[in-house]
Amino acid sequence: MNRYGCGFVVILMVAERCFAGALPIRSGCWDADPMQWRIEGETIGAKASGSHGVAFFKDEKPCRRILFSATVKPEASSGKGFATAGIGFGTDEANFWHVALVQAPPEAKTGRYCELVEMKDGTWLSQLALRQTENQVAGSWRYGESYTLRIGLEENGTWGEILDAAGNRLFRRAFQFSAVAVDHGRPLLHLTGGMRADFTRPDAVCAQPVPVEQPVFPPYTCDSYVADIRDRATGFFHVVQKSDGRWWTIDPLGRGMVMLGIDHVTMRGHGCEKLGWRYLHYEAIKDRYPDKAAWERETLERLTGWGFNLLGAGCDAALKHRGMAHTVFLSFGDRLCQSETDNAFWICPNEHRPCSAFPNVFHPDFDRYCVFYADRLCAPHANDPWLFGYFIDNELAWWGRGAHDTGLFDAAFRLAATHTAKKAACELLKERAGGDLAAFNRTWSTDLKGWDGLPVLTALPSATEEQRACKRAFLRLAAERYFGIATQAIRRADPNHLVLGARFAGTGGAHQEVWEVAGKYCDIVTFNCYPWADLDRNVVLTGSGLSAERIADHFTTFFGTVKRPMLVTEWSFPALDSGLPCTHGAGQRFYTQAERTQATELFARTMLSLPFLLGYDYFMWVDQPPLGISEAFPEDSNYGLLSLGGTPYPEITAMFTRLQREAGKWRREPVPAEKPAPSVTDTLRAADCVAALRRDPGAGSVRYARDGDTFRVSNGAGLQLEGKVGDRNMIGSVTVNGKPVGAYNAMLQTDRGWSDTTRVMRVDGREEAGCAVLDITAENPAVGFTMTHRITVLPDQPLFLCELIRLDNSGKAPLAVRSFFFRYYSPFSDLPKSGAVPNLWKGPASAVWLDQADGRYFGTATFARSVIRILFWKDAERNYPDAQLGPEKPFTLQPGESYTPNQPMYVFSLAGTGGEAEFAERVKGLQALEKRLR
């Protein structure tokens, strides 16, 4: 008889039983996410095609002896990765066994198969550390057919098997507990990866219950506090505002504290997808430590020695309760957006990149969903004195896929008429119209015959302030539901700890309406921020452009909106002398660690001096891999306090040590004094650049030709530009030696969003000083503006210069202008393999589209002081070819008014066939030109 067969049942029969026989199928009996699981009659299963997660049977105690079976009928899988349907046992979502039917993705080439696997401490395939004692595989499985799944747990091991409807065994596998493993738990059902399946006839016998121990936390002790700041000792963290207006965190012992956090402290560091998920940091350091406990001790000594006192995002759980406070991520919104095919749960899906997801807060089960996860994730921590608080989410797409005030409404309105978010939007519009269809038609310039026609629409304009106000009302309603429901659920499960907001993606990560609502519900409003440090002026700014605002003033404005203390939860400044590419990820770059350290200290001191900022979380512990983390997160930058080899960067760690040991002192100091700007000649005029380039040796001539509405410019270097009055783009076609490389157009950013010019109105062309000059005026009548760019084509180089000449408000409403975009549309989607370093202090501003196959390229560069950033990037939908320049400060243009730049705004447009290397050399040549002319 097999050791895991009938003899096992006998053991259970004579043992003390917790329960036996058929498990009831009632909503109160299963600890199941109400969004993901449906319970109907005698069946429990996927509620939608995106279903995933674990449903535990609610028994009082987990057991060490379990025999569990259920009938599983898989229907379909909709995800792109691995999808499973199984049963098992375990203690929580990070520690369990399951026996399951598996659908592999096409690239895995393994089709459908069966498995018995363990997740231990959140790591899949942990059973590979155990001794396999049995393995039988006799067949596969099919959708639409029913299978009996069985799993057993005994003292020394576990087994699982799968039988078809006729009782034939398809699979059986067993493991001995030869190492630490999940050896007790409750019966569970498991679905992942978009698998749809029904579970019926769950049947279990369990014995030898394990007492459920309430978590016991060690007493709170921490050496990082401000001695002269005191308040009541509640046993938990809280925040107070003192009589001088300054906000302070108060620790569980009643002492003032400046929060000095660090993110992603782990022994492994980040893995690298391109290297088969190797962990380069771990490989470099693993032999230095006799065990992981030694790494933990050294890491905590380093962190506390450098003055850090808070474990932020993504830190090893083993570091908690050992001298540093910690945080917990709930991800209420993000986990709702995981489905790739079913949009019932989201307004914007999670595209596996930052700032893409937004949950459907109008789903009828959203409140029950928040309660479920708050009970699961918060209640166990309710008495933990070391817990600083909960982050609800990270970098949600509050703007949908458009403007910050209207984009979420527009995303919801593109959904099906039956979608609950679309229904909420329609109901709001009816309410704002007072139920008067005629009033609605006047507001939106529609001709609906009845309200039933409203859900059929998929878009509404944002041309008037009344229209935008309606869309902002929807955004506010979404924010009220999100923050109101989430915070209520958290405080119901855990009334002792702080709600730390949702980590907005910068101050531009949400509209002011959302910030205001966040302040209404959250104890602390959190946001990630990657600013621009001007080392010459000793000031931190919102960006590099002429209109950039001082960060201290900028943050103060937002505090005036939220009226709650704030915390910067991500920030960093990479440097190129680390040896890492630093081509992906947010933040300003520097050439050296010395510059990086100077910028880091400047921003840290600025934040500490602001009375409403409680501190910061620094990003992060260790550098990223040089080949990037993954396709979704290609970050490859020097964000770390440690190199990949595990060596601390001495400049920045010494600075943090000195600064953070006196954090209380710096909280009382003013913002660092700004220095006068260095005496630098204003941006070179475009005409000066053209004249200098024209004097360079070369051959060829330039020709301008006009045939009715069509124009063409060609030169001796094989460059040709073509366009037509009435076309969408200013330059409809750019070719080099007869080969197309792209098109060119202009875009305007206002407080209403981003708007391309959509029609060329007029082209004034001429040959002048050996060059061809085109003054092209284009319009966007929907938004109400016209814009004129001057295009100058040199005779002997595949290069043309584009300059903003004039902007006119041709509409009936004011235009609140933020910045100008020069756009490079191209059939190419390749980006440089080496990558251009973005946001580099005193470095070139450039970007390029490439055809890696034949070397063609189309890109841009500038040294204009008005540049904000140049960034070419792409997502699953399209390419984003942006060179963004800004005025000296944002301005409002009234109807009929015109704007002419005070500072030159221009970019060089580079095209060619010599690939990335040629483009890089030409950018260097422009840098040399700029230095020569100065």
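This is a short walk through a few spots in the structure above. Before I start, it's a predicted model, so to speak of local features we need pLDDT of at least 70, side-chain atom pairs count only at pLDDT 80 or more, and totals for chains, interfaces and linings use all residues. Residues are numbered from 1 along each chain as its sequence is written, and side-chain values use heavy atoms, with hydrogens and water left out.

Okay, helix α9 to begin with. It covers residues 465-493 and holds Arg472; helices here are DSSP runs of H or I, at least four residues, numbered from the N terminus. Is Arg472 buried or exposed? Buried, because its relative accessible area is 16%, and buried means under 20%, exposed over 50%, partly exposed in between, with a 1.4 Å probe and protein chains only. Leaving out neighbours within four places in sequence, Arg472 is in contact with Asp405, Glu465, His511 and Glu513; contact means heavy atoms within 4.5 Å.

Now over to helix α12, residues 593-609, where you'll find Thr606. Thr606 is at 4% relative accessibility, so this one counts as buried too. Which residues does Thr606 touch, not counting those up to four places away in sequence? Val540, Ile551, Ala552, Val671 and Pro672. Take Val540: Thr606 is 66 residues from Val540 in sequence, yet C-alpha to C-alpha they're 7.8 Å apart in space.

Last stop, Leu128. You'll see Leu128 in the loop between β9 (112-119) and β10 (131-137), the strands being DSSP runs of E, at least two residues. Leu128 counts as exposed, because its relative accessibility is 66%.
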